[in-house]
Amino acid sequence: MGHAKENAVFVPLNIAVLTVSDTRTRETDTSGDTLHAALEETGHRLADRQIRPDDIYQLRAQVSQWIADAEIQVILVTGGTGFTLRDNTPEALLPLFDKQVEGYGELFRQLSYDEIGTSTIQSRAVAGVANRTVIFAMPGSPKACRTAWERVIREQLDARHRPCNFVEMVLPDVASACGPRS
């Protein structure tokens, strides 16, 4: 398990939150609320927050806009990762990635197994990097958002976390705990 490097400092990132839902509104978006609160409690900044229906092209359009925005370093997507006909988040995101973060989905499912048992196989959580923007997609429940944030994403967005984190990649001029590998 990783740990913090003593002389590295926390670097706040600009994070956009996208809720994928055909039914939620800003007033009923508890998963978006969970991610918004978590990122701000950690010290990051909410750059934008949107709700989009589970439509491949609307999702790609919104995420592409954020990927092209140099002021946004991270995108958190909640919802649309299951197997129903309207669950299209992976299909929308995967073509946008320059590189896929292979281990994220596997680790998320391993951690959520302790919470929901074998139902975790119905999660198609994915992550990737596009234009120096890291993108994490997770299921649409607040509990799944907390698991993803607290047990995976938070440390990976902390410049003090070592042996490695994503901060140096999204902000290459920032010193992080990664440093040279030996």
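**Reading the fold and the cores**

User: Which residues is arginine 124 in contact with, leaving aside its neighbours within four places in sequence?

Analyst: Contact means heavy atoms within 4.5 Å. Leaving aside those neighbours within four places in sequence, arginine 124 is in contact with Gly80, Thr81, Gly82, Phe83, Asp87, Pro90, Glu91 and Arg109. This is a predicted model, in which local features need pLDDT of at least 70 and side-chain atom pairs count only at pLDDT 80 or more, while totals for chains, interfaces and linings use all residues. Residues are numbered from 1 along each chain as its sequence is written, and side-chain values use heavy atoms, with hydrogens and water left out.

User: Is arginine 124 buried or exposed, and where is its place?

Analyst: Buried means under 20% relative accessible area, exposed over 50%, and partly exposed in between, using a 1.4 Å probe and protein chains only. Arginine 124 has a relative accessible area of 19%, so it counts as buried, and its place is in the loop between α4 and β6. Its C-alpha atom is separated by 11 Å from that of threonine 78, although the two are 46 residues apart along the chain.

User: How many helices and strands does the protein have?

Analyst: Helices (H or I, at least four residues) and strands (E, at least two) are DSSP runs, numbered from the N terminus. Here there are 6 helices and 8 strands, and from the N terminus on they run β-β-α-β-α-β-α-β-α-β-β-α-β-α.

User: What does the radius of gyration say about the protein?

Analyst: The radius of gyration is taken over C-alpha atoms, and the globule rule is 2.2 Å times the number of residues to the power 0.38. For 182 residues a compact globule would have a value near 16 Å, and the protein agrees because its own value is 16 Å. Of these 182 residues, 47% count as buried.

User: Which residues have the most contacts inside the largest nonpolar core?

Analyst: A nonpolar core is a set of buried Ala, Val, Leu, Ile, Met, Phe, Trp, Tyr and Cys residues joined through side-chain atoms within 4.5 Å. The largest one has 30 residues, and those with the most contacts inside it are Leu76, Tyr104, Phe136, Met138, Trp149, Ile153 and Leu157. Its largest share, 6 residues, comes from α5. Not counting residues up to four places away in sequence, isoleucine 153 touches Leu76, Tyr104, Phe136, Met138 and Ala148. Apart from this core lies another, of 17 residues, among them Leu59, Val126, Ala130 and Ile135.
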